Structure formats: structure tokens, C-alpha cells
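Me: I am new to this structure. Can you walk me through how to read it, one feature at a time?

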Amino acid sequence: MSENDDFLLILGVPEMDRDHQAIDALFSAVAATGDAELPSLLDRISRELEAHFAREEQLMADGHVPLVECHKAQHRMLLREVAEMTKVAPVAPAKDLRRLMQFVLPQVVAAHVASVDRVAAAYLTGDIEDRDLAALRLQTAAAKV
């Protein structure tokens, strides 16, 4: 595990867990990446997130997970944010880009994993509980504020 241990939440769905570990490894690589290589690493993170989201959405469709459209909307929102980061990465001060890649983006992705991914995984494993739905309702309400 990395310094982003809060990101790495094992959900019990092997496909999702493997992808999350790969994404975590990319976030962990930020610390050892030189300033000039940060934009390239951000591009790799962006491509991995996009591929992961596509695989996850297919997994949810195959598993007939309800709320898949809400989940897809969150994926699109995250990808838009990463795309904006990628656009400014070549001219952004390395210190600012490193902070975004090492702390901000991992926290945003971790929140996604801990909320909507956790609910999707619970459906996929047949382990959905009322508290999973309650957490999702809280997140949806906060997004409307």
C-alpha cells in the first residue's frame, strides 16, 4: 500500500479491486516523478481512469446494477476535471501540479470509490445494505447544495 492508503478500499469485486490498485500505484508514483515528467504521468492517470471507468460501467451493465446512469455521470464529471488538469499541466507550476496529483485527485477518486463504487460493488456481490443506500443519498444531497 502507498501513502494514499485511504484511496485503496477493497470492495470484494476482483476486477474493480485490481483497477483501483493500478490507479493507486500511479498516484503513488507522483512522489518519485520529476517535475518535467508530471504532465506525462497525469496523462497516464487520465487514460487509466478512462479505461477503468469503461470496464466498471460494463461490469455494472452486465450485473444489472441499478443507478448505473448516476454512476456514469460521476465518471464523466471526474474525467472532465482530469481533462482540465491535463490541459493546464504543461504550463502549471510543478509544485501546484504535484499537489493536485498527489493529494487532491487521489482524494476525489477515493471519495468516489468509498461511495458509489462501494454501492455498485455491494450490488454486484449481493451484499447491499440500507446503510449503503443511505451513504449514496447523503452524497447526492451534498452535490445538490
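Reply: Start with exposure. A residue is buried under 20% relative accessible area, exposed over 50%, and partly exposed in between. Keep in mind that this is a predicted model.

Me: How does Glu84 fall on that scale, buried, partly exposed or exposed?
Reply: Glu84 has a relative accessible area of 44%, so it is partly exposed. Lys87 is exposed, at 61%.

Me: Which residue does Lys87 pair with in a salt bridge?
Reply: The general idea comes first. Side chains of opposite charge can pair when their charged atoms come close. Here, Lys87 pairs with Glu84, at 3.3 Å from N to O. Both residues belong to helix α3 and sit three residues apart, about one turn of the helix.

Me: How many salt bridges does the structure hold?
Reply: There are six. One of them links Glu69 to Lys72, with the closest N and O atoms 3.6 Å apart. This pair also lies in helix α3, again three residues apart, or about one turn. Lys72 has 24% relative accessibility, so it counts as partly exposed.

Me: Where does Arg55 come in?
Reply: The side chain of Arg55 meets that of Glu48 in a salt bridge, 3.1 Å from N to O. Arg55 is partly exposed, because its relative accessible area is 40%. Salt bridges with shared partners join Asp19, Glu48 and Arg55 into one network.

Me: Now the inside. Which residues touch the most other members of the largest nonpolar core?
Reply: Again, the general idea first. In soluble globular proteins, nonpolar side chains tend to be buried together. In this model the largest nonpolar core has 23 residues. Leu42, Ile45, Leu49, Met101 and Leu105 touch the most other members. The elements giving two or more residues to this core are α1 (14-29), α2 (38-62), α3 (68-88) and α4 (94-125).

Me: What does Ile45 contact, leaving aside its neighbours within four places in sequence?
Reply: Ile45 is in contact with Leu26, Phe27, Met101 and Leu105.

Me: Last topic, confidence. Where is it lowest and where is it highest?
Reply: Where pLDDT is low, the predicted coordinates should not be read in detail. The protein chain has a mean pLDDT of 87, and 83% of its residues reach 70 or more. Confidence is lowest in helix α5 (residues 130-144), with a mean of 62, and highest in α2, at 96. Over residues 1-6 the pLDDT is below 50. Beyond near neighbours in sequence, that stretch has eleven contacts in the model.

Note on methods: Residues numbered from 1 in each chain as written. Predicted model: local features only at pLDDT ≥ 70, side-chain atom pairs only at ≥ 80, totals over all residues. Heavy atoms only, no water. Core = buried A, V, L, I, M, F, W, Y, C linked by side-chain atoms within 4.5 Å. Buried < 20%, exposed > 50% of the residue type's maximum accessible area, 1.4 Å probe, protein only. Helix = DSSP H or I, 4+ residues; strand = E, 2+ residues; numbered from the N terminus. Contact = heavy atoms within 4.5 Å. Salt bridge = Lys/Arg side-chain N within 4 Å of Asp/Glu carboxyl O. pLDDT = per-residue confidence, 0-100.
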